[in-house]
Amino acid sequence: VSTQVIPTGFEALDSMLDGGLYEGLYGIGAISSLGKTTFALQMADQIAAQGYEVLIFSLEMSKNELISKSISRNTMLRTLKTRGNVQYAKTTRGILARGKYGSYCQAERNLIKNSVSDYEKIAGNIFIREGIGDVTAETIINQVREHIESGHKPPVVIVDYLQILSPKNEKWTDKQNTDNAILTFKRLSRDYKIPVIVISSFNRENYSVKVSMQAFKESGAIEYSTDVLIGLQLKGVGNKNFDIDQAKSKNPREVEAVILKNRNGRTGGKIGFDFYAMFNYFAESDTAPMTFDDVNLSSKKSRRL
């Protein structure tokens, strides 16, 4: 039986994963504010642009917030591709705050309009389910089943994020409930032969150390049951004199995706990214289109398309 592979749209990551995503359970972990939701959302958009369906379970952010993050990224991408004025690119708040639109010039309004049109081209393949305090792993299985039974293609599933899933049993410990959720998602990937991506947060003890399997230990069975485990970290973390606040203040932030586990491929690989947090955009470092020297957002050497 042939196994479908779905490219993530990140070339170096796809190369590391032998072409992209396969049937199985994937874990993506990072400390707070390092962009794990943004990273997964950009991956979702890039997968949807290839014609695959993506079902996102957002347990923290609203549907409007996620869509605005995607449109924000599109404003930046359009600006870079057309070599337009990078000051016109919009943040998520710049998209959501409709009251600001009256102060935008016509070029800014056109940029937003065209960026919305870009999103509409892939929107038919992206399905976002919101939920706060009422979504369990079993809820997700049921909604995936309903999605497929309603005539849709088997989707790539993204769960954002593991730690705020509702417990299956209030009498169980956090670890027991988390273990149950992970095993449920593993079963989901196997039963429907789809990639299931679970996002996990790290605790503060991991803020100034290199990402490792140890960081996932409080996430229960995720380190054992996942097929692929990816940790995001700031470049230079763990080195002497590393300053996390200074690293976070860079624009773009220098982020590395470390392949901590790959059941059927290479482990230990590291992919560098430039993370433009203001505009919700990850660019693989070797192919990053440019920095923002011209608007005083970075001191790095500019690179253009």
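**View 1. Residues of helix H2 that meet helix H3 in the predicted model.** Thr37, Thr38, Leu41, Gln42 and Asp45 in H2 meet Leu66, Lys69, Ser70 and Arg73 in H3, where contact means heavy atoms within 4.5 Å and helices are DSSP runs of H or I with at least four residues, strands being E runs of at least two, both numbered from the N terminus. By class, this contact of H2 with H3 comprises 2 nonpolar, 4 polar and 3 charged residues (Ala, Val, Leu, Ile, Met, Phe, Trp, Tyr, Cys and Pro count as nonpolar, Asp, Glu, Lys and Arg as charged, and the others, Gly among them, as polar). The model is predicted, with local features needing pLDDT of at least 70 and side-chain atom pairs counting only at pLDDT 80 or more, while totals for chains, interfaces and linings use all residues. Residues are numbered from 1 along each chain as its sequence is written, and side-chain values use heavy atoms, with hydrogens and water left out.

**View 2. Crossing of H2 and H3.** The axes of H2 (residues 36–48) and H3 (residues 63–82) come within 10 Å and cross at roughly 75 degrees, axes being lines fitted to C-alpha atoms, for helices over the stretch in contact, with angles from 0 to 180 degrees between N-to-C directions. That makes H2 roughly perpendicular to H3, a term covering 65 to 115 degrees.

**View 3. Strands E8 and E9.** Strand E8 (residues 270–276) runs antiparallel to E9 and is joined to it by 4 bridges; strands pair if DSSP finds at least two bridges between them. Phe275 has Phe282 in E9 as its bridge partner.

Methods. Angles under 35 degrees count as roughly parallel, over 145 as roughly antiparallel, 65 to 115 as roughly perpendicular and the rest as oblique.
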